[in-house]
Amino acid sequence: MQLTQRAKQVNRRPMTALEKIYLWNIIKGMSITLSHFFKRKVTIRYPEQKRTFSEVFRGLQVLNRDEEGRERCTACGLCAVACPAEAITMEAAERLPGEEHLYLEEKYAAKFEINMLRCIFCGLCEEACPKDAIYLSQSFAPANYGRKGFIYKKEDLLIPHPKENPEAYRKALGEKKQAAVPLPNASLLEKGN
Amino acid sequence: MPDTPKLYKVTIDNITTEVEPGTTILMAARKIGGDVAPPAMCFYSKLKGSGGKCRTCLVRVAKGSAVDPRPMPKLVASCRTNVMDGMLVESMTNPDVLEARNAVVEFLLINHPLDCPVCDQAGECDLQDLSYEHGKEGTRYEFKRRTFEQEDIGPYIKLHMTRCILCYRCTYVADQLTDKRVHGILDRGDQSEISTYISKAIDNDFSGNMIDVCPVGALTDKTFRFKNRVWFTKPVNAHRDCATCCGKVILWNRGDEVLRVTARKDEWGEVQSYDGKPGWICNTCRFDKKHLNDWVIEGLTNIKRHSVIGQGKYPGLVMPNETITEVMGGRDPKLMMDIHSISDVNDRDINLSAIPGPATSETFTPNP
């Protein structure tokens, strides 16, 4: 019974002496292998080289500060209620007199945790945030041997202080956000030239 | 002469109902129910004399009465206008009324700070609902909004005058529920503000009901301040024997902690009535009974389906029978990770319901 039109008749005749030394077949196979030396590679050497992410890449969350270095988050809970994976939890506290340089609003997140085992990097927290306090950066969560290492606390998520550590701050902002924030000394440099 | 008083026939949005003479259009519309009832920010049916200030309940009277069928020349505030026999009212069917309502919302929001991310009322705020329904996304107001200092009204109530829309409801509560009113409206017009004279504390036993009647977050519970967002707490109906009030309340729980106690509300956002009497609750029930043992739990409060408070709550949920321990021969399953061993949130050693005010940085610093 013939099932398809593509069936091929297999040649089952015994091999000749020339065919038995496989020379032609080896040359045929090696030529395919060697030709790949001269083609473009599809892989990269990962830890040394890194791919550029697309502009809309959604990576690890970052808790933002304003230009004075005050935490923007007011613990309004909108990211937590928007989160489909229920990865975000927080606890709010009132800003005491004398803490105005630390927190932007009268209420702030005393605790803020993202469970990276749960997070699906959908970016809904960024969309829900009314204070521009959380955004998804262009880096991803580093690998870890234990599960506990994936519970990211506020210290892990907060962006470096823009005044005390401007280098790290700009690095953490990423290319996407850097375009929006001008270099602190850019105008001075231009005038100097 | 018939014994029963003659009922007035009134038609609101093409729905006819019969009400007693002396009923306002708003109450007649509420009798019909649903979307026909105009929104109300200042009117509170359980407070005498309230209403007529916010103008959100504007309706058009297309026909004055059966005797005098002329329409009323302007939109009228339905909370202060009584029905006449044969009256024809247009509420949500008239585009003029909806446009007027949008304009009123814009006016109410002129001085409102829109600090909903910080405000404890967010999620159950009448102004939030109203502006979501009728408001515009942007604002045309370019001037500085009026600001006030935060004020403590008594030991339990925080007043954010910036959020106030001057509905006067709280002053009526103080007038009608407590024996001595010590706060009111100072100044006039744009400058008017709610305040106590020389910050005199309010310590009447029913003063806490001001929090419940406030349609915005101007008066908030200091014992609940910043402790949690409303929609993350779980509302359950509960009661206790109270000598001064009805003792029927809603507990807003986080786990086993009672974070807040409020009076029960009916479908119009007003305090529920029992046998014709409004169920106001006293300050002892509201502020001092923050333990589950103080209360008899009745069950999950019925929350409107579209309210954010309903998220994550499933009334009538039947949990399937847990079979893991049975299958495992009585042993508990081995957890890959116990979240409480690493997480700082919901620390069992920090009892938020026990601290009188909002948590601060001192609450969370570990004691040596």
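The following is a conversation about a predicted model.

Biologist: What should I know before reading the model?
Modeller: Residues are numbered from 1 along each chain as its sequence is written, while chains are lettered from A and ligands numbered from 1 in the order in which they are written. In this predicted model, local features need pLDDT of at least 70, side-chain atom pairs count only at pLDDT 80 or more, and totals for chains, interfaces and linings use all residues.

Biologist: Which residues of α2(B) are buried?

Modeller: They are Val97(B), Arg101(B), Val104(B), Val105(B) and Leu108(B). Buried means that 20 or more other C-beta atoms lie within 10 Å of the residue's own, exposed means 12 or fewer, and partly exposed lies in between, with C-beta atoms placed from the backbone. Helices (H or I, at least four residues) and strands (E, at least two) are DSSP runs, numbered from the N terminus.

Biologist: Which residues are exposed on the other side of α2(B)?
Modeller: Pro95(B) and Asp96(B) are exposed there.

Biologist: What do the buried residues of α2(B) pack against?
Modeller: They pack against β3 (58-63), β5 (87-90) and α3 (126-134) of chain B. Contact requires C-beta atoms, placed from the backbone, within 7 Å.

Biologist: In what order do the five strands of the open sheet in chain B stand?
Modeller: The order is β2-β1-β5-β3-β4, with mixed pairing. Two strands pair if DSSP finds at least two bridges between them. β3(B) and β4(B) run antiparallel and are joined by two bridges, and Val59(B) stands opposite Val76(B) in β4(B).

Biologist: How many residues does each chain bring to the contact?
Modeller: Chain A brings 24 residues and chain B brings 21 residues. On the side of chain A that touches chain B, β2(A) gives the most, with six residues.

Methods
Contact = placed C-beta atoms within 7 Å.
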